[in-house]
Amino acid sequence: MKKLSLTFVGFLAALVTLVAQPTTVIRITGTRLAYPLFQRWADEYTKLHPGIRFVISKAPADSADLLIVSHKLGSGDIKQGQGAVTVSRYVQLPVVNDRRGDVTALQSRGFDDSAFRQVYFSGAGGQSPSLYEFTVYKRQQSACASIAFANHFGSEQRDIKGIGVKGDDKDLLAAVKRDTNGISYNNLGFLYDLQSRKLVDSIAIIPIDLNGNGRIDPEEDIYGSLDEVISFVERTHHPRIPLENVHVLYREGGQTKEIALFLQWVLTKGQAYNHYYGFINLDAAVARSEEQTLKVFSKN
């Protein structure tokens, strides 16, 4: 009986503790390619702030506290009563099936801007499409990564030619793996195995001809590992590499303080987790500028 009473007392104490520590829920949705990174941020932040709980899932944009948008923000993207900060960056590269008979030749030559436009965009490039034999795969629905990829070449998502694939960027990669003639585009976090840091099976990356001389020089051959690509991008800021920002849109009002504190942590401590998931750190000056934006937001 005494043992039972002590157990009951312990249960009551635990219940009181839970009641005494209310949980703040922060709901996040948006670009799914960034979910693994945001989940890691959420997990690490929760260790420091157990009173915060994150829910990261596909949901209507207006139901979330934070909306991930991973393409250049236009005037219509930020609604009245919303603010935005940049929290990370990501790279997209051309990817083919590694069983192609001409993989070695393609990787020796690489893609310059003209080749990108010729392969991926209808009526662009000024050369005969017959120079390349690919089955192009693209996202069927409007998606941040596809918008960003097209924007890099001065086009829009609707200009990308090819076969639409249902699902997300993982499904896009799976389509290339199934088709020897397949080609698409994808982000580093899906192209490389996060543990081994090497390319995932069944695919090959077409290098980018950065200096436009028609061949891939040794200094342009940067795709041996995930970390090699990340290091090159952060070191050179080369404009021919498709690089885009990951933004977070937030509502002004509501859980202002809690959200601002989380995003400030992301801009400082949270950047340490970018590389593991294939994302590119923000430049220090950009991170400082975004922190100032959040300081203003947290005072509202």
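Guide: Here is a quick tour of the core, a helix and a cavity. Keep in mind that the model is predicted.

Visitor: How many residues are in the largest nonpolar core?
Guide: That core has 84 residues. The ones with the most contacts inside it are Phe-38, Phe-111, Tyr-120, Phe-262 and Leu-263.

Visitor: Take Phe-38. Leaving aside neighbours within four places in sequence, what is Phe-38 in contact with?
Guide: Phe-38 is in contact with Ile-28, Ile-56, Ile-68, Val-87, Val-246 and Val-248, with those neighbours set aside.

Visitor: Switching to helix H8. Which of the residues of H8 are buried?
Guide: H8 covers residues 226-236, and its buried residues are Leu-226, Val-229, Ile-230, Phe-232 and Val-233.

Visitor: Why are they on the same side of H8?
Guide: Because they cover an arc of only 165° around the axis.

Visitor: And what do the buried residues of H8 pack against?
Guide: They pack against E4, helix H7 (188-191) and E9.

Visitor: What follows H8?
Guide: His-237 does, and its phi is positive, near 50°.

Visitor: Now cavities. How many of 30 Å³ or more?
Guide: The structure holds 1. The volume of the largest cavity is about 40 Å³.

Visitor: Which residues line the largest cavity?
Guide: Tyr-90, Val-91, Gln-92, Ala-148, Phe-149, His-152, Pro-242, Leu-243 and Glu-244. Strand E4 (82-97), helix H5 (144-152) and strand E9 (243-251) each give two or more residues to that lining.

Visitor: How does the lining divide into nonpolar, polar and charged?
Guide: There are 6 nonpolar residues, 2 polar and 1 charged in the lining of the largest cavity.

Terms used
Residues numbered from 1 in each chain as written. Predicted model: local features only at pLDDT ≥ 70, side-chain atom pairs only at ≥ 80, totals over all residues. Heavy atoms only, no water. 1 Å grid on protein atoms, 1.4 Å probe; cavity = no way out; pocket = protein on both sides within 12 Å on 5 of 7 lines; lining within 4 Å. Points joined across faces, edges and corners; volume = space filled by probe spheres on them. Helix = DSSP H or I, 4+ residues; strand = E, 2+ residues; numbered from the N terminus. Nonpolar A, V, L, I, M, F, W, Y, C, P; charged D, E, K, R; others polar. Buried < 20%, exposed > 50% of the residue type's maximum accessible area, 1.4 Å probe, protein only. Arc of directions from axis to C-beta. Contact = heavy atoms within 4.5 Å. Core = buried A, V, L, I, M, F, W, Y, C linked by side-chain atoms within 4.5 Å.
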